[in-house]
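Let's take a walk through this one together. Have the chains up on your screen and follow along.

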Amino acid sequence: MRTASPEISPEARFAPGATPETQPYWDATAAGRLDLPRCRRCDQVFFYPRSSCPQCGSTDLEWVTCSGRGLLHTYVVSHRPAPGFPVPTVIAVVELEEGPRMMTNIVDAEPEDLELDMPVEVRFEQRTGVAVPVFAPVTDDVSKENDEMEVAR
Amino acid sequence: MSRDVVIMGAAETDIGKLPTTSTLELHVEGARRALADANLTKDQVDGIASVSVPGPVQVSHALGITPTYVDGTGVGGSSFLFHVRHATAAIKAGYADVVLVTHGESGRSRVGAPPYPRGNDSVMAQFEMPYGIVGPPTSFTVPARRFLHETDNTLEQLAEVAVAQRRWSSRNPRAMFRDEVTVDEVLGAKMIADPFTLLMCCLVTDGGGALVVASREFAEAHGSDKPLVHILGTGEAATTPLVSQMEDMTRCKQFTLSSQAAFKESGTSTADIDHLMIYDAFAHVPLYGLEDMGFVGRGESGAFVAEGHTSPGGRLPMNTNGGGMSYTHTGMYGMFAIQESVRQLRGEAAAQVDGVSTSLVLGNGGMFMSAATLILANQP
């Protein structure tokens, strides 16, 4: 007898909730932006959002919108079922162009095609009441475009 | 003059699958056995140290002890090493004479154990849990691929950590897994979080244990005839509650900081250590430990293990009880790592190494979150 397979859908996946100091981050993801705090004193962009700069301690912070581009820093391919997720799922850490690293999923890619330091770009996955930033490998077209831009420079 | 501090009593409970024993009872049973080992009564104890669940007040109350020194440090599986360090400081300062450090965890059977943390707005819930994490096997393991990539340690060498520890556990009747395995068997086991297979992950068991920490003076006047284990040096450090926020995914800063403090205090170096315990929640953790404490150079840990130097007969016997991967792992394994060092220094381990005089224990807490180091010896 076959048992019904659990539902695989973003709505069934874990939905984080904001706290006052992280609300702007989640407001931004809902609007399709990856925003992070930047320290006005030392210029450090940092992850995760908090009320003072972890580098210099300043509370003089501003929110900036990140490019959404980064490099695949490290990952595992999880074979453990998590509610709403496919098996396997790629659990990764991405290094953002602005410097900070964050945990994420790599989507729209076969695990065997992944390589460390490959370029990735942000996507927003709609969960129940919240949009979660995930990343996908940069498609060839965009890479070519970037290469051409490099050449043009 | 500073007081010398010793571990004068140490004992574990039964371990493995204990479906009829509660978390609290594991603490209490461990405490009773450790006190018996030290030949003390509960009324000779004036200090208690334990993790937040069920907590030092609950444990001491259950035992009928009214402590005047209380430590509830809860920073993951390394907490018991922190407790020993803090107890050492308290005893040296005269704030306590006899401190009982207890562990108990119904990690497998979950009897009298709280549910795992829930809620969706902690920092971890917001920035790591949304990504399909199912406990430590899918998050503590994330840095490893970068570590292998940058250090040139290999996947096969990662598997060798599990192979070496089975050589030890095969000599230990109390170990949960005792069959020796090959690299191919480790790599061919059920995939959990690629590159980690089941045999590169720790066990989930029930169990407990306790230590009696006291001044040498008190121990010599009141203790049993068991050899005293001298606390030569200790260190502690903590970095990030989120594994994704490690400063460098290929190095564990608190392994370096805590071990440097312990080496400095004890006046020893890696060359003086003849027995080593490194908390092995997963196969990569001992490799980080060997490199970050300076036992081997950068990128040399995998070959060191593969060449057998940490195995029986090797020059640096490591995780000689079989470790968290083969002996037992209740969730907060640090207590069991200390217990094995004590047994080796007393000469009463199941897989006893000849001539152990100085042992180092490195405890990891959380997922590369906190660490503490103890350097212990059978002479002052």
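Before we start, a word on labels: helices (H or I, at least four residues) and strands (E, at least two) are DSSP runs, numbered from the N terminus. Two residues are in contact if their C-beta atoms, placed from the backbone, lie within 7 Å. Axes are lines fitted to C-alpha atoms, for helices over the stretch in contact, and angles run from 0 to 180 degrees between N-to-C directions. What you're looking at is a predicted model, where local features need pLDDT of at least 70 and side-chain atom pairs count only at pLDDT 80 or more, while totals for chains, interfaces and linings use all residues. Residues are numbered from 1 along each chain as its sequence is written, and chains are lettered from A and ligands numbered from 1 in the order in which they are written.

Start with the sheet in chain B. Strands pair if DSSP finds at least two bridges between them, and here nine strands make an open sheet with mixed pairing, in the order β3-β2-β4-β7-β1-β8-β11-β10-β9. The edges are β3 (69–71) and β9 (275–278) of chain B, each with a single partner strand, so one side of each has no neighbour in the sheet. On average, neighbouring strands of this sheet are turned by 20° against each other, direction ignored. Pick out β1 (residues 5–12) and β7 (residues 206–215) of chain B: they pair antiparallel over seven bridges. One to click on is E12(B), whose bridge partner in β7(B) is G209(B).

α13(B) lies across β1, β4 (98–106), β7, β8, β9, β10 and β11 of chain B, running at about 175° to β10(B). Helix α9 (residues 253–266) of chain B lies across β8 (229–238), β10 (358–365) and β11 (370–377) of chain B, at about 145° to β8(B).

α13 (residues 334–346) of chain B also meets helix α3 (residues 79–93) of chain B, with axes that come within 7 Å and cross at roughly 60°. Angles under 35 degrees count as roughly parallel, over 145 as roughly antiparallel, 65 to 115 as roughly perpendicular and the rest as oblique, so α3(B) and α13(B) are oblique to each other. S79(B), F80(B), L81(B) and V84(B) make the contact from α3(B), and G334(B), M335(B) and I338(B) from α13(B).

Over to chain A, which has two helices and seven strands. From the N terminus on, its elements run α-β-β-β-β-β-β-β-α. A residue is buried if 20 or more other C-beta atoms lie within 10 Å of its own, exposed if 12 or fewer, and partly exposed in between, with C-beta atoms placed from the backbone; buried residues make up 31% of the 153 in chain A. A92(A), in strand β4 (residues 89–96) of chain A, counts as buried because it has 26 C-beta neighbours inside 10 Å. T104(A) is twelve residues from A92(A) in sequence and 5.3 Å away, C-alpha to C-alpha.

Finally, look where the chains meet: 28 residues of chain B are in contact with 28 residues of chain A. On the chain B side, α4 (123–127), α5 (144–151) and β5 (191–194) each supply at least two residues. Strand β3 (residues 69–78) of chain A runs antiparallel to β5(B), joined by two bridges. S78(A) has A193(B) as its bridge partner in β5(B).
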